[in-house]
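Dear colleague,

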Amino acid sequence: YSMAVAPDGKTLYVTTDTPPGRDGFLASVSLATHTVSRRTRVGLDPVSVAVTPNGRTGYVANVASNTVTAINLATGTAVKSIKVGKAPVTLAITPDGKTVYVADFGTDTVTPISTATNTAGKAIQVGLAPNNLVITPDGKTVYASIGGASTVTPISTATGTVGKAIKVVAHPTMLVLSHDGKALYVANSSAVTPVSTATN
């Protein structure tokens, strides 16, 4: 379902599913040998993985468990299962590594998680069926694509408040930021909408 590369480039992390009703796993793959070195049990139907900038902690969104699993990547130990909104589908971590944001598709929210304590903060209402997240390089804004409203919602990381919804292509599913953070590209299955972040 999802992959992430460790900041040092040595390990690929891959979520792997199992038959319905059984926990999934996060597989650690050595990029030097292309072999699986470890499998860590997570929750039901893991669909997204993100790694902190320091490479110490991985987070896996478990869509059928309504949880995010925090994993000590040095030991491969699942250290905590964090309850979030329904059907968490996407994760994004701030550049300073202090906060994980989770798109809760089933409750129309984005939930922040403190990486210092692995606790969830107050869920932020963003619109119908959020499905993807990106964070600006300065860490000040999270953008959430809102599939059910065909918009993108900006969120201030400092205050947790949402800005004005930006109308984009129908049913957006993919977000990409330019390296300087000045342009946001929003895509669905057939079109791409460029958005200037300077006005949001």
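The notes that follow go from the whole chain to its strands and then to single residues.

Please keep in mind that this is a predicted model, in which local features need pLDDT of at least 70 and side-chain atom pairs count only at pLDDT 80 or more, while totals for chains, interfaces and linings use all residues. Residues are numbered from 1 along each chain as its sequence is written, and side-chain values use heavy atoms, with hydrogens and water left out.

The whole chain

The protein chain has 20 strands and zero helices, where both are DSSP runs numbered from the N terminus, a helix (H or I) having at least four residues and a strand (E) at least two. Its radius of gyration is 16 Å, which agrees with the value near 16 Å that a compact globule of 200 residues would have; the radius is taken over C-alpha atoms, and the globule rule is 2.2 Å times the number of residues to the power 0.38. Along the principal axes, the C-alpha atoms of the protein chain fill a box of roughly 45 × 35 × 35 Å.

Of the 200 residues in the protein chain, 51% are buried, where buried means under 20% relative accessible area, exposed over 50%, and partly exposed in between, with a 1.4 Å probe and protein chains only. When contacts in the protein chain between residues at least 6 apart in sequence are taken, 30% of them join residues at least 24 apart, a contact being heavy atoms within 4.5 Å.

Strands and their pairing

An open sheet of four strands has the order S14-S15-S16-S17 with antiparallel pairing, and two strands are said to pair if DSSP finds at least two bridges between them. Strand S14 (130–135) and strand S17 (166–167) stand at the edges of this sheet with a single partner strand each, so one side of each is left without a neighbour in the sheet. Strand S15 (residues 141–146) and strand S16 (residues 151–156) are joined in the antiparallel sense by six bridges, and Thr141 has Ser156 as its bridge partner in S16.

Elsewhere, strand S7 (residues 67–72) runs antiparallel to strand S8 (residues 77–83), and six bridges join them; the bridge partner of Val68 in S8 is Ile82. The hairpin of S7 and S8 has four residues between the strands, and Gly76 takes a positive phi near 75 degrees there.

Single residues

Most residues other than glycine have a negative phi. His34, which is not a glycine, has a positive phi of about 60 degrees, and its place is in the loop between strand S3 (23–30) and strand S4 (35–44). With a relative accessibility of 65%, His34 counts as exposed. Ser150, also a residue other than glycine, has a positive phi near 55 degrees and lies in the loop between S15 and S16, but at 12% relative accessibility Ser150 counts as buried.

Ser37 lies in strand S4 and counts as exposed at 55% relative accessibility. Finally, Ala183 lies in strand S19 (residues 183–187) and, leaving aside its neighbours within four places in sequence, is in contact with Val176, Leu177, Ser178, Val195 and Thr197. The C-alpha atoms of Ala183 and Ala198 are separated by 8.0 Å, with the two residues 15 apart along the chain.

With kind regards
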